[in-house]
Amino acid sequence: MIIKVCTWRSCTENGSEYIATRLERDIAFYNIHDMAVERCTCQGRCKEGPVVVYDRDIQTRMNPVKASELMRKKVEMIKNQLKARQKNEVVTPENKD
Ligand code: FES
């Protein structure tokens, strides 16, 4: 998953760089694989910034704590989906063995 943090003028003035740094530190601290922070251009929601985009989920009025909590929720959701998929995996003649 790529987490995009808008670091253009309006969002930066409202602390988006702190959000990006917090998320990068969380990813490293929790040793989360397949997740990265990308600083991006204006997302067209300057008045509602800072803006963070988790995949295609646009979140506005973010701060480092909210961004971090939402990232951890997304990680848990992905883990649960993977577990559910593994449990519900149907055995067919093609994937048997
Ligand atoms: S500057 Fe961040 S949405 Fe426009």
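Start at the largest nonpolar core, which has 13 residues. Select Ile 3, Val 5, Ile 19, Leu 23, Val 52 and Ala 67, the members that touch the most others in this core. Three elements, S1, H2 and H3, each give two or more residues to the core. Nonpolar side chains tend to be buried together in soluble globular proteins. Keep in mind that this is a predicted model.

**Stop 1: Ala 67**

Stay on Ala 67. Which residues does Ala 67 touch, leaving out those up to four places away in sequence? Colour Ile 19, Arg 22, Leu 23, Val 52 and Met 62 to see them.

**Stop 2: strand S1**

Now select residues 2-6, which form strand S1.

Next, find the partners of S1. Strand S2 runs parallel to S1, and five bridges join the two. Then turn to strand S3, residues 52-54. S3 runs antiparallel to S1, with three bridges between them. Here, pick Lys 4, which stands opposite Val 53 in S3.

**Stop 3: the whole sheet**

Show the four strands together. In what order do they lie? Read across the open sheet as S2-S1-S3-S4, with mixed pairing. Strand S2 (36-40) and strand S4 (57-59) stand at the edges. Each has a single partner strand, so one side of each is left without a neighbour in the sheet. From one strand to the next, the twist averages 25°.

**Stop 4: where H2 meets H3**

Select H2 (residues 16-29) and H3 (residues 64-87). Their axes come within 9 Å and cross at roughly 35°. The crossing of H2 and H3 is right-handed. On the H2 side, highlight Tyr 18, Ile 19, Arg 22, Leu 23 and Asp 26, which make the contact. On the H3 side, the contact residues are Pro 64, Ala 67, Ser 68 and Met 71. Sorted by class, the contact has six nonpolar, one polar and two charged residues.

**Stop 5**

Go to Glu 24 in helix H2. Glu 24 has 14 other C-beta atoms within 10 Å, so Glu 24 counts as partly exposed. Glu 24 and Ile 3 are 21 residues apart along the chain, and their C-alpha atoms are separated by 9.8 Å.

Finish at Lys 66 in helix H3. Lys 66 is also partly exposed, because it has 14 C-beta neighbours inside 10 Å. Lys 66 and Asn 31 are 35 residues apart in sequence and 19 Å apart in space, C-alpha to C-alpha.

How values were computed: Residues numbered from 1 in each chain as written. Predicted model: local features only at pLDDT ≥ 70, side-chain atom pairs only at ≥ 80, totals over all residues. Axes fitted to C-alpha atoms, helices over the stretch in contact; angles between N-to-C directions. Left-handed = near helix turned anticlockwise from the far one by under 90°. Contact = placed C-beta atoms within 7 Å. Nonpolar A, V, L, I, M, F, W, Y, C, P; charged D, E, K, R; others polar. Pairing = 2+ DSSP bridges. Buried ≥ 20, exposed ≤ 12 C-beta atoms within 10 Å, placed from the backbone. Core = buried A, V, L, I, M, F, W, Y, C linked by C-beta atoms within 7 Å.
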